[in-house]
Amino acid sequence: MEWIPTFSEKAEKYGIADNPGWSVSAAFFDFDRDGYLDLYVLNNTLNRRMDALYRSKVNDGSAPK
């Protein structure tokens with residue numbers, strides 16, 4: 001018989017539910033080498049101002065490929 005993995009949402013149960021929050025990714029690994037998995041959560045922030053310069057859109061076919 002083949003084992004089919006399933007997903008069960010348990011973030012609330014383990015106290016790691018981040019709603020509403022800016023978490024975008026997570027990884028489990030044994031960071032402190034104690035034999036237990038540790039959770040690393042990657043967060044993102046929403047900035048109202050972007051510090052980047054953008055050039056005008058070129059839509060006449062002259063843009064380099």
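These questions and answers concern a predicted model.

User: Which pattern does the protein follow along the sequence?
Analyst: The predicted model has one helix and two strands. Helix H1 covers residues 11-14, while strand S1 covers 23-29 and strand S2 covers 38-43. Read along the sequence, the pattern is α-β-β.

User: What percentage of the residues of the protein count as buried?
Analyst: A residue is buried when its relative accessible area is under 20%. The protein has 65 residues, and the share of them that counts as buried is 2%.

User: Is Tyr14 buried or exposed?
Analyst: Tyr14 lies in helix H1. The cut-off for exposed is over 50% relative accessible area. Tyr14 has 57% relative accessibility, so Tyr14 counts as exposed.

User: How many residues of the lining of the largest pocket are charged?
Analyst: The largest pocket, with a volume of about 170 Å³, is lined by Phe7, Ser8, Glu9, Lys10, Ala11, Tyr14, Ile16 and Phe28. Asp, Glu, Lys and Arg count as charged, and the lining includes Glu9 and Lys10. The division is five nonpolar, one polar and, as charged residues, two.

User: Is Asp38 buried, partly exposed or exposed?
Analyst: Asp38 has its place in strand S2. Partly exposed lies between the buried limit of under 20% and the exposed limit of over 50%. The relative accessible area of Asp38 is 21%, so Asp38 is partly exposed.

User: What distance separates the C-alpha atoms of Asp38 and Phe28?
Analyst: Along the chain, Asp38 and Phe28 are 10 residues apart. Their C-alpha atoms are separated by 5.4 Å.

Note on methods
Residues are numbered from 1 along each chain as its sequence is written. This is a predicted model: local features need pLDDT of at least 70, side-chain atom pairs count only at pLDDT 80 or more; totals for chains, interfaces and linings use all residues. Side-chain values use heavy atoms; hydrogens and water are left out. On a 1 Å grid over the protein atoms alone, a cavity is a set of points where a 1.4 Å probe fits but cannot get out, and a pocket is an open set with protein on both sides within 12 Å along at least five of seven lines; lining residues have an atom within 4 Å of a point. Grid points are joined across faces, edges and corners, and a volume is the space filled by probe spheres set on the points. Helices (H or I, at least four residues) and strands (E, at least two) are DSSP runs, numbered from the N terminus. Buried means under 20% relative accessible area, exposed over 50%, partly exposed in between (1.4 Å probe, protein chains only).
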